[in-house]
Amino acid sequence: MIKRSTRSKSGGKDNGNSGSGNLSVPRGHLETGLNDNIDRIRSEVAASPDLIVRRFTLRTGQKQHVAAIYLETITDKEMVNEFVMRSLMSPFLPEMPPENDASPEEAFKYICDNALTVGQVEVLDNWTTMLLELLTGKTLLFVDGWDQCISCSTIGGETRAVSEASTQVVIRGPKDSFNESLPTNIALVRRRIRSEKFGFEAIKIGKVTQTNVAMLYIEGIVKDEIKQEVRKRLEKIDTDAILESGYIEEFIEDNWSSPFPTIYNTERPDVIAANLIEGRVAILVDGTPFALIVPTILPQFFASAEDYYQRYDIGTFLRLLRYAAFIVSLFGPAVYIALTSFHQEMLPTTLLINLSGAREGVPFPALIEAFLMELSFEILREAGVRMPRAVGQAVSIVGALVLGEAAVQAGIVSPIMVIVVAITAIANFSIPAYNLAITARLLRFLFMIAAGMIGFYGIILGLIMLVAHMNALRSFGVSFLSPLVPFKFNQFKDFFVRLPHWSNTERPDDMTDNTTRMAQGQKPQT
Amino acid sequence: MKKTIEYIGPIHLFAWITLFQLGTAVVIPVGMDAKQDAWLVTLTGCLIGILFFAIVSGGLYRLYPSLMFTTYTRRIIGPFLGWLLGFGYLLYFMYIASRNTRDFIDLLTAAAYDATPMFALGVFMLIAVGYIISLGIEVYARTAFIFFLMCCGVFMFIILLVILSDLSDFHRIQPILGEGWKPIWKALLPTGLTFPFGEMIVMTMFLPYLNKKYKAVRITTGAMAFSAVLLCIATFVNISVLGVEIASRATFPLFTSLSRLRLAEIVQRLDSVVLFLLIITSFFKIGTFMFASILAASDLFKVSNYKTLVMPIGVIVLLTSLTIAGNLTEHLKEGLKLVPYYMHLPLQFAIPICLWLIGLIRRGIRNRRSAASS
């Protein structure tokens, strides 16, 4: 819709040979006459009612006509009034050198140099950038008879306050998280890394949305080729809209056909800071609290920020627990299917008797039984996420019926199946990265099918293929399974385990050549 | 990012060779004819295998470090004969791949899948093998490394279990050399020699992919020695848990011995562990032979992208493995009585030795010529 309306308009006005129908068609130089400029802006922004044009004359005895133009919905009105209007109309302004009959150029220079109390001011002379500035919330100042304009940074509008992270919760650790405003998010990171090496590049992606995307890194730590690769991939994106970092993720990831995410995302500024210091590059997108981190390796998905804030022993334990949970959520139902339908002899006798007794009345083979339960659980979970809060209770009541005693008594499933589904689900919830948890959810069904066809043999073959696939994955030139493959034993200090901070003296050398993190021998003396 | 050339890291090659050597050998007993001294058969076979590989195959590798076996046959004995010999090796590798697949299918049928058709068992294996080969040699070696770690873990677990449970009795291994060296030589020639250590000839297809910084011969022989140690451990476990009589009569002694081991009624029925070992090691064995035949075929027929050959060679291996023998007895008879004498001994030992000698002579001539001309 947006695309088409824009195209017909600009096509009529300009030569319209761009063909792609976006906003940034070449529009040429600004007009000289104030009224011509105003009329053209009015028609370019589709006569938006929030376009405010305020005409006035300079107070210092001049006859120059000046206009301030801004979109009131996305500007900070306080700033426009205080720092643009008032300063221009102030009676205390210094006198303009040529009394009474200054040329438009002199008046323009005068405003630029003397009359504005806004921090960031730019002189623009072409339509494309001028419109873009207007649409980002800046105030434009035009002087009659001069073909340049001044853009004053008065960006404002509503943003959500910085609040606690909702997806990556910690008990101990910083409680702030990103919001939808890019400047706020960069501020949150910059406040944590007070280094002059903190590098930050901004590019605009999306022809219609013109979304601001920022690339953050620390100069001197990040490898140049990684930085350049990220920049190259970002610049290659040619699309109409970037509404979330997920859009960018799909454009720049290494292997689109893999079920594994090869780009980590987080809404925690402390996680971003920690990763920047290890030499990674963060990509922040305006309009979403979720920032991307590249290159990504598998162990990142099993680490929670809290591992580093709590004591290392509990951090290690929890991390091992999460790996175990991932394995359970991946293989749980598959192993149940394999055991009940192929390898009864592998079960201890008493358990086998219990199991067959419980499964006696169940009319389905184990595979169908497991699929039924797993699918109904997935439906339940989806309902729980999307449902309006007010009716949330209904889901839990009905859920207990579907996945509980009632289903067992109806003879559809065995009680052990219910337990298997429950354990799998809980294990899945305990993976800290939601996108990896989704991977486990999907692959689980493949393993269930493999187990249903040929039991453990299928599971092991599937495991080999899975590991091979993970070995083939790379994220911006770094092996996904690093530091296991290629084998780097000194990086195991922060892999399955987390050793104390003083022992982890080196940065992983995948992302950086500058591997010295701290001085050796800081172990506390006892 | 720019595509780097595929290469195998030293530790990955080590893992790959170990898994390759363990393939089926860990489940099927090697040299059980020698009773208590079966482990000596493994060790002697390994020693001879290491010497042979270090001198002959390693010598060929030193002559042509960046070429595959089927490529340097043409350099050594001329384009036509060399091509024919390479083709012979292609057939040999494919045949051994299908023999191994058949071995594996029969093992699986006997171990757990008596009701599943052979075709299904084979087809799933070859799909998985084909998939991992199509991901490239680097991924293959790296995957082998991860499963090597797992297998080491399994072995450690088994050893721990044997030590902790009171079922095992290490006196059952005695007497050592009770009947002298005779039974050992009998078991060694030719089966103990050709399987699994003679089969190392297939690794000459992959050595050019090793990162040149590292010493190929040292890694390969080290891996052979390591796998021999693991195989000896398996034999020790079998004999100490089951006793010589049962161990030498059981079809899969490791299955039997592990199903007897138990620890405080919690850890029991460990056959699944052996099943895991069997599938993993056989997978890499079949995969290695199939990969070698794919590389050989792409080299002989000038196929630039070897990944296109995965499908045709996979189908050939699958069909051959199913039609190679009418039943298990026929298959085993061929495997023990015919193949070692008519295929393994000449192709694993005789021809490489000849090639090595000719290669050395040719190099000597070339050196002398260049010395004379300069």
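**Close-up views of chains A and B**

**View 1. Where chain B meets chain A.** The contact draws on 29 residues of chain B and 23 residues of chain A, with two residues counted as in contact if their C-beta atoms, placed from the backbone, lie within 7 Å. Sorted by class, the chain B side has 21 nonpolar, 5 polar and 3 charged residues (Ala, Val, Leu, Ile, Met, Phe, Trp, Tyr, Cys and Pro count as nonpolar, Asp, Glu, Lys and Arg as charged, and the others, Gly among them, as polar).

A quick note on the model: it is predicted, so local features need pLDDT of at least 70 and side-chain atom pairs count only at pLDDT 80 or more, while totals for chains, interfaces and linings use all residues. Residues are numbered from 1 along each chain as its sequence is written, and chains are lettered from A and ligands numbered from 1 in the order in which they are written.

**View 2. An open sheet in chain A.** Its 5 strands pair antiparallel in the order E1-E2-E4-E5-E3 (pairing takes at least two DSSP bridges between two strands). Strands E1 (51-57) and E3 (121-124) of chain A sit at the edges with a single partner strand each, so one side of each has no neighbour in the sheet. From one strand to the next, the twist averages 25°.

**View 3. Zooming in on E1 and E2 of chain A.** Antiparallel E1(A) and E2(A) (residues 65-71) are joined by 7 bridges. Arg54(A) has Ala68(A) in E2(A) as its bridge partner.

**View 4. Helices across the sheet.** Helix H2 (residues 34-44) of chain A lies across E1, E2 and E4 (139-143), at about 10° to E2(A). Axes are lines fitted to C-alpha atoms, for helices over the stretch in contact, and angles run from 0 to 180 degrees between N-to-C directions. Helix H4 (residues 104-115) of chain A lies across E3, E4 and E5 (149-152), at about 150° to E4(A).

**View 5. A bent helix in chain B.** Helix H13 (residues 328-373) of chain B bends by about 65° at Val339(B), with Pro340(B) following within four residues (the bend is the angle between axes fitted to the seven residues ending there and the seven starting there).

Methods
Helix = DSSP H or I, 4+ residues; strand = E, 2+ residues; numbered from the N terminus.
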